[in-house]
Amino acid sequence: MKRIFYICAFPLLLSVSSCESFLDEQPVSELSADKFWKNQDDVVAGIAGMYDGLQSVVSERYIDWGEGRSDNFMHGPTSTREVKFSFNGLTADLPQLNWDNLYVTVLRANLAINYIPGITGGDLTQGAKNHYLAQAYAMRAYCHFTAVKLWGDVPLLLEPVSDRNLKIERTPADVVLAQVVEDLNTAASLANPANASVYEINIGSIYAILADAYMWQKDYASAIQATDKLQQLNRYTLAKTPLEWNMIFTNPNNAKEAIWSLFWSFEQDGSNELAARIGSSTNTSNYEMDGALLDKWELQKKDFRRYLTYDTLQAASGSISDIYKHYPLEGGVQTLPQQTQAVVQNSLYRLSDILLMRAEALNKLGGDANKEAAIAILNQIKTRAGVAPVSADQFASQQELETAILDERQLELFAEGKRWFDLRRTDRVIDVMDPVLRRRQEQRGVGVTGFGDPGFILFPISRDALNENDNLAQNPPYSR
Amino acid sequence: MHKYIQLKSFSRTILTGIVLLLLALPAWAQVKVTGKVTSSEGEALVGVTVIVQGTSTGASTDIDGMYALTVPSPSSVLVFSYVSFQTKTVTVGNQATINVTLAADSRTLSEVVVVGYGTQDARDVTGSIVSVSAEKINERQPVDIYDALQGQAAGVQINSDSRPGAESSIRIRGTSTLEGGVNPLFVVDGVPMDNIDGINPNDVQSIEILKDAASAAIYGSRSANGVIIVTTKRGVQGKPKIDVRYNHMMSQLAHKLPVANASDRRVFERKMRGDAVNSPLNADSLNPAFNADNDLQDMITRMARRHQLDFTVSGASDKLNYYTSLGYLDDEGIILNSWAKQVRARVNITYKATDRFEFGNRMQFSYQTENRINEGFVLRQATQRPPTFRVYLPDGTLAPIIAGRRNPLAEALLRKNEYQTYSANVYNYLTYQIADGLKLTSDFNIRVNYGDRLHFTPKLVNNNVNSGGYSNSLGTYWMQQNYLNYDKTFWNDHAFSAVLGVSTEQWVDKSSQIEGSNYVTESIITSNAIGNKSLSDIYNDESRHSLAGIFGRLGYNYKGRYMVNLVVRRDGSSRFGKNNRWGTFPSASVGWRFSDESFMAWTSRVLDDGKLRLSYGETGNERIGNYDALERYTFGGNYYNGVLGIVPSRMMSNDNLSWETTKQLNVGLDLTFLKNRVTFTADYYDKITEDLLYGAPLPGEIGYTSTRVNVGSIQNKGLEFTLNTYPIRNSNLTWNLSYNMAFNQSTVRQLFNGVPMITSGRWYLEEGGAVGDFYGYDHLGVYAYNESNAYTPEGVRLTPVFNEGGNFAHYMLHEQQYTGEVKQMQMPNGISKGGDVIWHDANGDFVIDDKDRVILGNAQPKFIAGIYNQVNYRNFSLAFSFYTQWGNKIYNKGRYEQAGLRTTNITPDKNFIHAAWEHPGDVTNVPRAVIANNTTMNNMPELSSFFLEDGSFVRLRNVKLTYTFDESLTSRIKLKGLSIYAYGNNLLTWTNYSWYDPEISLGSPLSMGEDNGRYPRARQAGLGLNLNF
């Protein structure tokens, strides 16, 4: 009987004894968290991951967020969601309102900020560490800044979260903006001034974002200071020829005007979503150029930006569905990519943008000297494009000059995700969009209601975000 | 689980084979015996097995109940056995004629049910188990096990996919999980498997479906969705038996959709333009590209053929039992260029080395290859593309994409998407009889699956850019189990059984992939020809999973009248958080055979057997990602500027992640009446899944989008009935009719923080709702006039009245003129007019927006039922069965894609075009066919109740007529048995569903019931032949 017992018990014991280690399977093709953020390689990969997060945001939302609601674009003939952008009828269910990718990038920046200081040994110098940290701070600032521009009050995240039950509240927009400025100043102090890669955040792009942020704070003196610092780097000059201008978008690495562009490679990143939105050879675009803007372009036949931005032959049909500004000139012709094969080096900041912003700030500060300086910048941009310059006596008020600057920005920075934010920054959303919307409503034969409630200036918060976090409140008058 | 029906399922052919064998024996046999076997009513019994005890010598009775055989000596003992009758033994002595009368066996069949690590007498089952025998499987000419099971067991919903080589979906007793894996566990000859694709249904001896928790709990952590036990065939005592089966089938499209022809297309164009007259010409009447009138459905479908050939050799001696089979299946699909081929082989060997020691193995090998067409580009384009567009260029080559519409014929013929799967499973076991009733089994199983896929899209079908790729995967699995079985009966009436064992398992999965575009040449499509390799799609990876368990079962049975079974299993899984790796799954069940009680004696004339069953148990589910519990950094696709980035997983870790537990109560009743002519089984179950495993959405602002949690609960309650009858049973004619039906009702009881989940904007999961609730806008009709959009402030619609000049006069309400305030329904982009859809304004604010979405229906059927008939008359046998699913909704997404008025070139179906609103006053439920009108007024949002259809159907599932030749005839051509048959599958379907077929794949629990225009179902008919040597 004893023997039987042993026969029975032996295999049972054998199997059970080593169970705990048997059941401890560690990932083979993924990295468990305790093995990461240990050395320079990890930092390089972690920072690349951070940029990768922003890539997906910019690829998808460049136009949706920056211009979809503005007078630059009208929805395409087969778009159903974009109709809501063109007719100021955003609803909380739209996928375009999802901010997850933006905050995924914030998390990646926060992890870098959290872990990089603790990495010791190896070849990683303090200077190199600081420059990586500068990029992380500036990235966090850029993401929060983008969120504020869209939604006003937004969640502010300054460290990585590990609590699944955390339900963070929205922080007032001015507090977030102050934090953005603080992060950018931190970044500026940490950045290595020698680093000048256009595809990475460097001291130049930090000043550019900073200038933009001061403009939103309406701190025009500081904005001018930031542009001063940027110009003092002696790194950037305006593109002179049409070919150089096109290179800003197609080969920013060799374009003196480019300050910060996001790198894109078809083989690494697949197709850039921009083609699906505003122009590819294989799909119907989600957006078309607004008719009134097309009329404006068509008055400036000598403007080289015109034929480098869209197919002027299409203009006769009265609508422009394909924007090919972002694609290289080949034998003097630009061709649209296939929707699934688009490569776009999305420009985030370039010198024209910063200079025109500086002009805007100078104009706001007032005084004849500032007005002259502002007009000088405006003319610099106009003459470069082959458009007749303007003179101070054409502008009776600060308001008029600002309009001229904004109009110039509209053409110069068309399809670069800027127009809606320009209108927001200068508090002109209703002034500009109310007549545009009335025109569209009349043409479509629907009830003419104009812009409607001023609360619509902000984007609604996505319903998913509201469902997932009951501490978030919707921007009135949008509904959940 | 597997049920052995002693000798019955070996079918008459085997037995007649034995007779023939005997005839071949040399004449040294000494005693010849003949006789007649009858029932106690005096009827001759056909096919009774007569065997000389302790030998392989035997015979079976013929149509008159007569048998003849030669026995070695007068001391030989003859054993007479027959299904549903008591077995009788007779010593030969000096009798030359032995006539025997067999008494009906009230103990039904002496069936044995496989219950996992052992067997049970079917009479003593206390849980809810359904057995399906080889006979019922064979009546269908199934290509796989799912095909064989549909409609055969109450509470088992199987929806097959019509594509050749496709896997079916299966749910037992409703959907009781969200993302934890919905398939039941398959156990084939004792080996757990994730799928049963490689198993030839002809090799199956029986299938047992363990529905309740108490039965399934012995498989612990993987049993929450039920367990399906497949037992394959073994050899039968005697000389080698060779079977050859062949069948040939033809199939064609069962239901052709009413797509538009060129004339309908012109009507559509008129309606889009708003012209008054219909042009007899196509839109661009001079361009040869736009002036065809193609029936694309006809062009892409064909009469398809299927060949199925199976070859088996089996046999047994005292020590060795063997069964081998080789099967080949060549299955053409009804869509051009879609096909699947399979080779499946099996070797089952059992060797009894000594009285105590036995070993054996079960080996299974399969190879499958398939070309899977792109259903979206072929089928959907065929229904959407204007019929006027040409398909061929003037030179006879296929036309490319025209005006954004793909050429479905080119898509079917030129796009390549080939799959190959090789699979081998080898199971070895040995058993040692330690003492009387005590047996030790130790086994080891190894399985290897290798699959690869080559796909390529040529330039012609893809705007002049080709793309493609290659991927492969290697999965290995091993399992080791040791267990003790103890079975003993004390003092005749007290039967004990016990099992105690351990098991360990591990899975290692590796895969790799390469993708790219711009091949240097289209003649070579291996990856060395890829011009632009897509870096983020090139990788190989590996993932592991291990599982360990200890299990036990204790059964006690008093006189077959009172039965108790206790089962417990404790499992540990590597998938769970380190704090919660182990789970314990107990269950208990009791049975009471009340018909054996003395106070029930008065019923004994009618009621042969009656048993009440009660069981309760907990089962687990661990089917989630291998590393979901861990905090991980991932990489592969996160490049930036030439650097491969490393990023945190979007799923937040959870150290406490643990088992999903399903608690199930089952109450069952088994009744047998009138000498087995009627059996009735009913089960009620209440199944609550707790600690639901799902990816709960997290607030995106924290940087993670989801986390795997154990929160929430779903309940499924239901009733199941099975009725099996023999309305006619005599020596010439037998009619077996069985019916099963199951009702299920599901409720979501709790979710993570109560947060409802909207999946793809079309399904809504909320507490109090049900899994599979469709969510969207309720389409109430179409405004006939602009003035029809008028409501009282309370939301009652007013009727406009027009004067003789056709001008609007006033509104009517309840047949009285209305003069009060008039409200109009507004879309975000304007006021709805004539030809726009009337939407249900759920919140009563006269603005139709996404707040007006409501639950529109549910994707789960209210009941499913199957009817099975088998009629045997002399040499003929006729089997036919019906299957029905009732009360579910299907989102007809194929039609939405076709008739959603998205672009001018997508052509809606004929009915839609002609019914579309055109002039003020048109009364219809189809809105104005103006594309821009749809874009601005959103007449076709997703999801609209207009495209939600009733998915109920009743189907004549299969019919088979078989003729079996008399042995007297077949023996002349040296055959032991020969039968021929004709059969048809899916011959008739009654349904209101408008797309191809209402039987659609069930899909994930979070997105059930969507038919996105899948592979159409075929009507099939075939002929076959079975030969036994």
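Me: Is B:Ile228 buried or exposed?
Reply: In this predicted model, where local features need pLDDT of at least 70 and side-chain atom pairs count only at pLDDT 80 or more, B:Ile228 lies in strand S17, residues 227-232 of chain B, a strand being a DSSP run (E) of at least two residues, numbered from the N terminus. Residues are numbered from 1 along each chain as its sequence is written. Buried means under 20% relative accessible area and exposed over 50%, with partly exposed in between (1.4 Å probe, protein chains only). Because its relative accessibility is 0%, B:Ile228 counts as buried.

Me: How many salt bridges does the rule find across the interface of chain B and chain A?
Reply: A salt bridge here is a side-chain nitrogen of Lys or Arg within 4 Å of a carboxyl oxygen of Asp or Glu. One pair that meets in this way is B:Arg632 with A:Glu30, at 3.3 Å from N to O. Across the interface of chain B and chain A, the number of salt bridges found is three.

Definitions and conventions
Chains are lettered from A and ligands numbered from 1 in the order in which they are written. Side-chain values use heavy atoms; hydrogens and water are left out. Helices (H or I, at least four residues) and strands (E, at least two) are DSSP runs, numbered from the N terminus.
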